[in-house]
Amino acid sequence: MTSVVIILGPPGAGKGTQAMRLAVELGLPHVSTGDLFRENISKNTPLGELAKTYLDAGKLVPDEVVIDMLFSRVAAADCANGYMLDGFPRTVAQAEALSERLDSDWNTRAVQLDVQDGVLVERVVGRLLCRDCGNIHHETFSPPATDGSCDACSGELYKRTDDTAETVLERLAVYHGETSPLISYYSERSALEVVDGARAPEEVFADLRTLLVTSEASQQEAR
Ligand code: ADP
Ligand code: ZN
């Protein structure tokens, strides 16, 4: 049995922070569609050029574009034994495309990070990312020890251009309209777990770890 773990949740729910740590624990590659787009944007590829307008407006990149990019990423050898998805699927059409791609040997599980909208805007607007290792800080909730420099690797911290108050509101609206239907999609397929994401990152991680790492280990023993 090969696992695809999907981290679902609105912008600022903590998907990136948790997925990065969980991927290490589970030994699965962390595949973030947002990171893949940002990489393409910083390298000025044609895909990056196309995606940039959508990202800056807080809109979804069209399904065909995201699906193509994601499928070529997960075709790589490091994903052969499973992977952790962060930011995909974001629409029911994307979930259906993923499910068509995976045969019955693949076990797909989704975890929803549940956080109320009120908390999210503040989390996103104060977010700081490391240019070198992708580590995520926050101006007030998890400030770096030294201003502007990542605690994990001393890399330069920066703000995403789409982490503005206006764009976050648009991204939240898009989440509620297009992505939140995935909660019923996975729950109807008995593949959904819900974790309260409105707590400190360590507490959220402890719950995710219990849910995913423990069940993963028991699955491996059963093999
Ligand atoms: P967040 O979860 O904080 O909103 P991400 O880094 O996951 O941020 O995504 C940033 C942006 O990248 C989205 O607002 C959207 O424009 C684009 N994007 C990422 N993943 C997808 C996807 N699966 N489908 C469509 N657009 C996507
Ligand atoms: Zn770093």
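Reader: How many salt bridges does the count come to?
Author: The count comes to 14 salt bridges. Bear in mind that this is a predicted model.

Reader: Take R73. What does R73 form a salt bridge with?
Author: With D78; their closest N and O atoms are 2.7 Å apart. R73 is partly exposed, at 22% relative accessibility. D78 is partly exposed too, at 41%.

Reader: And E139, which side chain does it meet in a salt bridge?
Author: That of K159, at 3.1 Å from N to O. E139 sits in the loop between β6 and β7, and K159 in the loop between β7 and α7, so the pair ties together parts 20 residues apart in sequence.

Reader: R199 and D207: what's the N to O distance in their salt bridge?
Author: It is 2.8 Å. R199 has a relative accessible area of 25%, which makes it partly exposed. D207 is partly exposed at 34%.

Reader: Which residues do shared partners join into one network?
Author: R127, R160, D162, D163 and R171, through salt bridges.

Reader: Zooming out. How far apart are the mean positions of the positive and negative charges?
Author: They are 2 Å apart, for 20 positive and 35 negative charges.

Reader: New topic, the fold. How many helices and strands?
Author: Nine helices and eight strands. The radius of gyration is 17 Å, close to the 17 Å that the globule rule gives for 223 residues, so the chain is as compact as a globular protein of that length.

Reader: What share of the residues is buried?
Author: Buried residues make up 46% of the 223.

Key: Residues are numbered from 1 along each chain as its sequence is written. Chains are lettered from A and ligands numbered from 1 in the order in which they are written. This is a predicted model: local features need pLDDT of at least 70, side-chain atom pairs count only at pLDDT 80 or more; totals for chains, interfaces and linings use all residues. Side-chain values use heavy atoms; hydrogens and water are left out. Helices (H or I, at least four residues) and strands (E, at least two) are DSSP runs, numbered from the N terminus. The radius of gyration is taken over C-alpha atoms; the globule rule is 2.2 Å times the number of residues to the power 0.38. Buried means under 20% relative accessible area, exposed over 50%, partly exposed in between (1.4 Å probe, protein chains only). Lys and Arg count as positive and Asp and Glu as negative; His and the chain ends are not counted. The place of a charge is taken as NZ of Lys, CZ of Arg, CG of Asp or CD of Glu. A salt bridge is a side-chain nitrogen of Lys or Arg within 4 Å of a carboxyl oxygen of Asp or Glu.
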